[in-house]
Amino acid sequence: MPIKIAVDAMGGDYAPLEIVKGAVEAAKEYNISIQLIGNEVQIKEELAKYDTKGIDIGITHTDEVIEMGESPAKALRAKKRASIVLTVESVAKGESQGLVAAGSTGAAMAASLFGLGRLPGIKRPVICCTMPTTKKPVAMLDGGANSDCEPEMLYEFAIMGRIFAQLILGYNNPKVGLMNIGEEEGKGNELAKSTFNLLNSKKEFLNFIGNIEGRDVFTGDCQVIVCDGFVGNVILKTAEGALTMVSKMLKQEYKSSLYNKIIGLLSKKIFSGFKKRIDYEKIGGALLLGVKGVSVITHGSSKAYAIKNAIRVAKEAVEKEVNDKIVEMYEKSMKTVD
């Protein structure tokens with residue numbers, strides 16, 4: 001039987017139009033089944049635009065949706081049949097093997113945690129972001145799930161990040177680095193110093209290379225970047241803003257004179273290649289690691305291409321048994337003393 005991925009059809013800025021389109025494309029390209037959760041009438045209206053012959057797309061109806069501005073905790077209690085809740089339930093009941101959700105990140109995280117539970121030994125789930133670099137993409141975690149962390153939590157992030165980097169990003173023995181304000185031992189706040197000591201005590205097991213700085217994120221020399229969710233989210237949003245600024249500035253320069261317009265036309269292929277390398281839609285979404293199920297959270301502004309790729313990430317995580325490998329590595333780590 002093909003893998004089935006549940007998709008919250010009502011989450012995000014362009015739901016259900018772009019969600020349905022991305023789901024159809026994913027079902028065709030990846031040979032998987034899709035279960036769309038949301039308003040059946042609206043979903044069917046979108047599905048009617050495409051040739052769905054030969055692909056397996058089901059619909060679970062609900063009228064309830066958690067909006068972006070709502071408090072996740074309150075909304076989950078008040079809306080028991082919200083689209084994100086039923087999407088998570090599909091995985092919890094074994095009807096689907098993974099899920100994809102755009103829209104409210106907080107609601108998707110909370111629903112996944114409460115609906116699926118935590119993996120054995122894991123204190124907190126973590127958002128694992130894929131970051132572009134001058135080489136291959138790397139993993140950074142936490143991307144924003146946990147603002148206040150303890151050293152033991154960051155140790156768990158390192159374990160989960162290594163598994164992700166190995167199975168999804170294709171690194172044989174990924175290097176783990178701790179985000180800090182300097183490379184030297186003893187740098188940083190109490191969390192950074194305590195976490196350094198803990199990670200360093202498992203140096204060989206984790207392939208821990210020590211502290212790294214913000215400038216090291218995009219070199220590709222460190223494949224697993226560990227930090228708390230506050231720092232990780234600042235890095236993520238700063239990177240998004242910087243890349244947007246660079247793209248706009250290049251466009252402005254190309255339009256500033258006739259000569260630059262000619263240069264712009266001649267370098268169009270190069271600029272297109274640059275955009276592809278930094279395009280978050282190609283990455284698709286971020287895995288919420290540490291829960292008993294495959295949960296992929298994607299940007300609220302995601303369009304069809306990003307949704308399709310988020311579904312691909314979910315499919316790969318299921319196929320490569322990411323959660324089983326995390327549990328296995330965690331159990332090994334408890335027995336290992338460097």
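Me: A helix here is a DSSP run of H or I with at least four residues, and helices are numbered from the N terminus. Which helix holds Leu-265?

Reply: The model is a predicted one. In it, Leu-265 belongs to helix α10, residues 258-266.

Me: Why is Leu-265 called exposed?

Reply: The relative accessibility of Leu-265 is 64%. Exposed means over 50%, so Leu-265 counts as exposed.

Me: How far is the C-alpha atom of Leu-265 from that of Cys-149?

Reply: The two C-alpha atoms are separated by 49 Å, and the residues are 116 apart along the chain.

Me: What makes the contact between Arg-215 and Glu-213 a salt bridge?

Reply: The rule asks for a side-chain nitrogen of Lys or Arg within 4 Å of a carboxyl oxygen of Asp or Glu. The closest N and O atoms of Arg-215 and Glu-213 are 3.1 Å apart, and the pair is a salt bridge. The count by this rule is 12 salt bridges.

Me: Are Arg-215 and Glu-213 buried or exposed, and how do you know?

Reply: Buried means under 20% and exposed means over 50%. Arg-215, at 63%, is therefore exposed, whereas Glu-213, at 18%, is buried.

Me: What makes Glu-89 and Lys-93 a salt bridge?

Reply: The limit is 4 Å, and the N to O distance between these side chains is 3.8 Å. Lys-93 has a relative accessible area of 59% and is exposed. Glu-89, at 30%, is partly exposed, since partly exposed covers values between the buried and exposed cut-offs.

Me: How do you know that Lys-315 and Glu-319 are about one helical turn apart?

Reply: Both lie in helix α13 (residues 304-319), 4 residues apart, which puts about one helical turn between them. An α-helix has 3.6 residues a turn, so residues three or four places apart point the same way. The side chains of Lys-315 and Glu-319 meet in a salt bridge at 3.0 Å, N to O. Lys-315 is buried at 16%, while Glu-319 is partly exposed at 44%.

Me: Why are the buried residues of α2 said to line one face of the helix?

Reply: The buried residues in α2 (residues 40-47) include Ile-43, Glu-46 and Leu-47. Seen down the axis of α2, the buried residues fall within an arc of 100°, so they line one face. Val-41 and Glu-45, on the other side of α2, are exposed.

Me: What makes the phi of Asn-31 worth a remark?

Reply: Most residues other than glycine have a negative phi. Asn-31 is not a glycine, yet its phi is positive, about 55°. Asn-31 sits in the loop between α1 and β2 (33-38). At 63% relative accessibility, over the 50% cut-off, Asn-31 counts as exposed.

Me: What is the omega of the cis peptide bond between Ala-15 and Pro-16?

Reply: Omega is about -5° for this cis bond. Pro-16 is in the loop between β1 (4-8) and α1 (17-30). Another cis peptide bond runs from Leu-141 to Asp-142, with omega near 25°.

Note on methods
Residues are numbered from 1 along each chain as its sequence is written. This is a predicted model: local features need pLDDT of at least 70, side-chain atom pairs count only at pLDDT 80 or more; totals for chains, interfaces and linings use all residues. Side-chain values use heavy atoms; hydrogens and water are left out. Buried means under 20% relative accessible area, exposed over 50%, partly exposed in between (1.4 Å probe, protein chains only). Helices (H or I, at least four residues) and strands (E, at least two) are DSSP runs, numbered from the N terminus. The arc is that of the directions from the helix axis to the C-beta atoms.
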